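Biologist: I would like to learn how to read a few features of a protein model, one step at a time.

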Amino acid sequence: MGLQQSCKRCGSCCKEGGPALHTADLPLLESGKIGIDKLITLRRGELVLHPETGELQPASTEIVKIRGKGRSWSCYFYDEQANGCGIYGFRPVACEALKCWDTEKILGMVEKDTLTRFDIVDSPLRDVMREYEQLCPSPDFAYIAENRQNISAILKKELEEMVGADLQFRTRQVKLHQLKLADELFYFGRPLFQLLQPFGARVVEKAMEITLLWD
């Protein structure tokens, strides 16, 4: 049996997650072929699965990618019934480069020449995003992951305050700019409390106060 030389349309790659967007993809966004409501932002410092090592590590740069469906990371544009891409004719460059039988090209693109929110947004929300980055920077997720069983009370309190500030900022901006959830996940990325859940943290809100409980 010969070596694989072409796509078998099994859908495995698409089900593992939407592609990260690169500079060459900007015309797809500017033309409206891909809307920002179909995107999600992974901020610099968030733990992401590195495709080469298969391990979680902090993202060295911001990553904007096509979001998943529902609770899964399966690419939003993957059509399960047709077993193919719903935007194949104008798919991102990472999809064009992806060959499961020869990953050299796609691995060479990881965290290189990637688009950020600031490359995409040309509106007053640019200033809002800058304000958010100043008020709600990403914590040291690598440290939290390494010390999840021994996180100090001081750090837990700091993270609790950060979660509260994050939620307050989002709530205010969502109301002010009438943002949908999909828009929020692009402009601000995932809420901090969601990013902390894998480490045993959960949010409880009582009397308008945020408490972070740890398992």
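Biologist: Is serine 74 buried or exposed?

Modeller: Buried means under 20% relative accessible area, exposed over 50%, and partly exposed in between, with a 1.4 Å probe and protein chains only. Serine 74 has a relative accessible area of 7%, so serine 74 is buried. This is a predicted model, in which local features need pLDDT of at least 70 and side-chain atom pairs count only at pLDDT 80 or more, while totals for chains, interfaces and linings use all residues. Residues are numbered from 1 along each chain as its sequence is written, and side-chain values use heavy atoms, with hydrogens and water left out.

Biologist: Which residues does serine 74 touch?

Modeller: Contact means heavy atoms within 4.5 Å. Not counting residues up to four places away in sequence, serine 74 touches Cys14, Lys15, Arg67, Gly68 and Lys69.

Biologist: How many aromatic pairs does the structure hold?

Modeller: Rings of Phe, Tyr and Trp (its six-membered ring) pair if their centres lie within 6.5 Å; planes under 30 degrees apart count as stacked, over 60 as edge-to-face and the rest as tilted. The structure holds 6 aromatic pairs. One of them joins tyrosine 132 and phenylalanine 169, and this pair is tilted, with 5.4 Å from centre to centre and 40 degrees between the planes. Both tyrosine 132 and phenylalanine 169 are buried.

Biologist: Why is the pair of tyrosine 187 and phenylalanine 188 tilted?

Modeller: The ring centres of tyrosine 187 and phenylalanine 188 are 6.4 Å apart and their planes stand at 50 degrees, so the pair counts as tilted. Ring pairs link Tyr132, Phe169, Phe186, Tyr187 and Phe188 into a cluster.
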